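User: I am new to this structure. Please take me through its side-chain contacts.

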Amino acid sequence: MSTAQRLRDIRDGFERPFWVANISELFERLSYYAAFASLARYLNESLGFPTQDASSLAGLFGGLVWFLAAFGGAIADRLGFRRALSLAYLILSCSYFLLGSLGSSWMLPVRGLVPLGALVAFLLMLPALGIALVKPAVVGTTARASKDNVRSIGYSIYYTLVNIGGAAGPFVASYVHRHMSVENVFRVAAISVFLMFFAVLLMFKEPRKEGDVPPPSLAETGRNFLTVLSNPKFMLFLVIFTGYWVVYWQEFITLPLYVAKYIDPKADTELLLMTGPLVVISLTVLINLATQKIASVKAVTIGTLMSSLAWIVLIFKPTVTGVILTLICVALGEIVQSPRYYEYISRLAPPGQQGTYMGFAFLPIGLGSLIGGWFGGKLMHHFGEVTHKPAGMLWTITGVGVLTAALLWVYDRMLPATGEA
């Protein structure tokens with residue numbers, strides 16, 4: 001097929017809801033990663049939370065999204081994608097604005113009635129509800145508003161825009177933090193998703209296709225959850241792989257605090273967090289082609305080991321350059337394992353249950369953030385503030401990742417996947 005024909009297919013193969021939904025997802029990711037890039041330092045430095053509490057709250061922000069995603073699809077299907085997206089962006093805009101306004105004088109009466117920790121925890125839960133509605137609505141729109149001959153391209157566009165948003169978020173956070181204040185990072189995030197609220201209302205039309213199956217009810221989703229729990233091999237794999245995400249999420253949860261406290265207090269930590277997404281955008285296709293012949297669990301194990309050993313770079317090179325090199329190595333490990341992880345999940349799923357299993361494949365990501373926030377905060381407090389040997393935190397994080405890789409290797413030896421070498 002000629003390039004001109006392919007371009008015509010792309011031009012004619014997507015309905016307007018496809019572009020509205022996917023562009024709105026770019027801005028949702030921009031807002032999310034802008035907020036996440038600044039959150040730990042905002043909680044610690046601006047709101048006065050101790051390191052442990054700031055890390056735990058940041059982990060809560062990152063973790064709940066992936067737990068609710070398993071149920072968000074059923075809710076989005078019931079509401080319809082237009083209502084789900086508009087409701088999600090309204091929730092997100094309000095929650096980001098309130099987060100950035102916690103120090104404002106007009107919030108003092110609320111802070112006088114509600115303990116600050118409880119108030120922040122509540123406001124950090126709201127974005128998870130919004131994002132849990134956005135993701136299934138955008139993916140569902142991509143399926144319904146794409147012709148069959150360009151649907152795979154549609155998902156590639158979706159993945160690319162998600163990563164562009166992930167790279168742009170820390171950049172926006174850096175710019176706003178440098179030129180205004182860290183509180184305004186959350187307000188800019190709120191404006192970004194509030195604009196998407198109007199974009200959906202004005203330009204998004206509910207995509208429908210003949211033959212669409214009825215959406216699962218929440219009760220059916222609950223039964224699917226029990227089905228997943230009844231597969232011990234699948235659950236064991238998810239529990240082990242949670243260790244990867246405990247290590248990975250330190251990039252957003254504790255690394256900004258670590259850099260500000262023990263490497264360079266003037267470092268632009270938000271800008272540094274652009275490194276990973278830029279590496280993912282640049283090298284995903286190349287590395288996937290180079291590793292496609294490696295069995296899926298082996299690729300997941302190798303990627304886990306790479307991301308874990310990356311922290312040793314920062315131990316021996318505790319500079320901003322060392323931070324960048326560490327983030328590059330973490331991203332390389334992510335590229336190696338991520339697509340193969342979902343491939344392996346699809347192999348574990350019994351016939352006809354791939355959708356159910358893929359929905360719950362996000363659980364280790366959420367659990368890793370929740371555990372990682374608490375765990376990273378404990379490590380930073382002990383090694384940084386008690387023993388004054390902060391590198392011990394990095395050694396421990398590395399150890400958790402190496403142990404996870406070792407357990408994945410044992411798992412693969414004891415319970416090999418059908419049809420894999």
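The questions below cover salt bridges, the nonpolar cores and aromatic pairs.

User: What kind of model is this, and how are residues numbered?

Analyst: Side-chain values use heavy atoms, without hydrogens or water, and residues are numbered from 1 along each chain as its sequence is written. This is a predicted model: local features need pLDDT of at least 70, side-chain atom pairs count only at pLDDT 80 or more, and totals for chains, interfaces and linings use all residues.

User: How many salt bridges are there?

Analyst: A salt bridge is a side-chain nitrogen of Lys or Arg within 4 Å of a carboxyl oxygen of Asp or Glu. By that rule the count is 5.

User: Which residue forms a salt bridge with E25?

Analyst: The closest N and O atoms of the pair are 3.5 Å apart. The pair links distant parts of the chain, helix α2 and helix α6, 110 residues apart. Helices here are DSSP runs (H or I, at least four residues), numbered from the N terminus. The partner of E25 is K135.

User: D268 and R178 meet in a salt bridge. Is D268 buried or exposed?

Analyst: The N to O distance is 3.1 Å. R178 has 49% relative accessibility, so R178 counts as partly exposed. D268 has 19%, so D268 counts as buried.

User: Which residues of the largest nonpolar core does one find touching the most other members?

Analyst: A nonpolar core is a set of buried Ala, Val, Leu, Ile, Met, Phe, Trp, Tyr and Cys residues joined through side-chain atoms within 4.5 Å. The largest has 106 residues. A second, separate core has 8 residues, including A145 and V150. In the largest core, the residues touching the most other members are L85, Y89, Y96, L102, V120, F237 and W249.

User: What does F237 contact, leaving aside neighbours within four places in sequence?

Analyst: Contact means heavy atoms within 4.5 Å. By that rule, F237 is in contact with Y341, Y344, I345, L348, L408 and Y411.

User: Why is the pair of Y344 and Y411 called edge-to-face?

Analyst: Rings of Phe, Tyr and Trp (its six-membered ring) pair if their centres lie within 6.5 Å; planes under 30 degrees apart count as stacked, over 60 as edge-to-face and the rest as tilted. The centres of Y344 and Y411 are 6.3 Å apart. Both residues are buried. The pair is edge-to-face because the planes are at 85°.

Terms used:
Helix = DSSP H or I, 4+ residues; strand = E, 2+ residues; numbered from the N terminus. Buried < 20%, exposed > 50% of the residue type's maximum accessible area, 1.4 Å probe, protein only.
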